[in-house]
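Open the model in your viewer and keep the selection panel at hand. The stops below say what to select next and what is there.

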Amino acid sequence: KNITQAIYYNKLGNKISPHSEPWNYLIALLYNEKGDIKTALEYAHKAATLDPENFKIKDFIEKMEMKK
């Protein structure tokens, strides 16, 4: 897996469409996979702000908060 490259390309997509919840959530998942919980949470919170009804994101945030 080349997580760093995946993060790079997802950030490019996010730059084009910054108000898109899926980009932020995908980046959060990738940072989590990389082991960077702090950055994963930053992107997850952005995603949750953009889509407050998304329970997958809320669940992800709760799990990441427990890892801190």
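## Stop 1: tyrosine rings

Start at tyrosine 9, which counts as partly exposed because its relative accessibility is 48%. The model you are viewing is predicted.

The structure holds three aromatic pairs. One of them joins tyrosine 8 and tyrosine 9: the ring centres are 5.1 Å apart and the planes stand at 75°, so this pair is edge-to-face.

Move to tyrosine 31 and tyrosine 43. Their ring centres are 5.9 Å apart and their planes lie at 15°, so this pair is stacked. Tyrosine 31 sits in helix 2 (residues 21–34) and tyrosine 43 in helix 3, so the pair ties together parts twelve residues apart in sequence.

## Stop 2: around tyrosine 43

Stay on tyrosine 43, in helix 3. Which residues does tyrosine 43 contact, leaving aside its neighbours within four places in sequence? Select Lys11, Asn14, Asn24, Ile27, Ala28 and Tyr31 to see these contacts.

Then draw a distance from tyrosine 43 to leucine 29. The two are 14 residues apart in sequence, and their C-alpha atoms are 8.7 Å apart in space.

## Stop 3: helix 2 against helix 3

Hide the side chains and show helix 2 and helix 3. Their axes come within 8 Å and cross at roughly 160°. Angles over 145 degrees count as roughly antiparallel, and helix 2 and helix 3 are therefore roughly antiparallel to each other. Their crossing is left-handed.

Bring the contact residues back:

- From helix 2, select Glu21, Asn24, Tyr25, Ile27, Ala28, Tyr31 and Asn32.
- From helix 3, select Ile37, Thr39, Ala40, Tyr43, Ala44, Lys46, Ala47 and Leu50.

Colour the contact of helix 2 with helix 3 by residue class. Ten of its residues are nonpolar, three polar and two charged.

## Stop 4: helix 3 against helix 4

Next, select helix 3 (residues 37–50) and helix 4 (residues 55–67). The axes come within 10 Å and cross at roughly 155°. Helix 3 and helix 4 are therefore roughly antiparallel to each other. Helix 3 passes helix 4 in a left-handed crossing.

Which residues meet here?

- On helix 3, pick Ile37, Ala40, Leu41, Ala44, His45, Ala47 and Ala48.
- On helix 4, pick Ile57, Phe60, Ile61, Met64, Glu65 and Lys67.

The residues of the contact of helix 3 with helix 4 comprise ten nonpolar, one polar and two charged.

## Stop 5: helix 2 against helix 4

Keep helix 4 and bring back helix 2. Their axes come within 12 Å and cross at roughly 30°. How do helix 2 and helix 4 run, parallel or antiparallel? Angles under 35 degrees count as roughly parallel, and helix 2 and helix 4 are therefore roughly parallel to each other. The crossing of helix 2 and helix 4 is left-handed.

Select the residues that meet:

- Helix 2 brings Glu21, Tyr25, Ala28, Leu29 and Asn32.
- Helix 4 brings Lys56, Ile57, Phe60, Met64 and Lys67.

The contact of helix 2 with helix 4 divides into six nonpolar, one polar and three charged residues.

## Stop 6: asparagine 10

Go to helix 1 (residues 3–16) and click asparagine 10. Asparagine 10 is buried, with a relative accessible area of 13%. What does asparagine 10 touch, not counting residues up to four places away in sequence? Show Trp23, Leu26, Ile27 and Leu30. Ile27 is also on the list of contacts of tyrosine 43.

## Stop 7: histidine 19

Follow the chain out of helix 1. Histidine 19 lies in the loop between helix 1 and helix 2. At 67% relative accessibility, histidine 19 counts as exposed.

Note on methods
Residues numbered from 1 in each chain as written. Predicted model: local features only at pLDDT ≥ 70, side-chain atom pairs only at ≥ 80, totals over all residues. Heavy atoms only, no water. Axes fitted to C-alpha atoms, helices over the stretch in contact; angles between N-to-C directions. Helix = DSSP H or I, 4+ residues; strand = E, 2+ residues; numbered from the N terminus. Parallel < 35°, antiparallel > 145°, perpendicular 65-115°, else oblique. Left-handed = near helix turned anticlockwise from the far one by under 90°. Contact = heavy atoms within 4.5 Å. Nonpolar A, V, L, I, M, F, W, Y, C, P; charged D, E, K, R; others polar. Phe/Tyr/Trp six-rings, centres within 6.5 Å; stacked < 30°, edge-to-face > 60°. Buried < 20%, exposed > 50% of the residue type's maximum accessible area, 1.4 Å probe, protein only.
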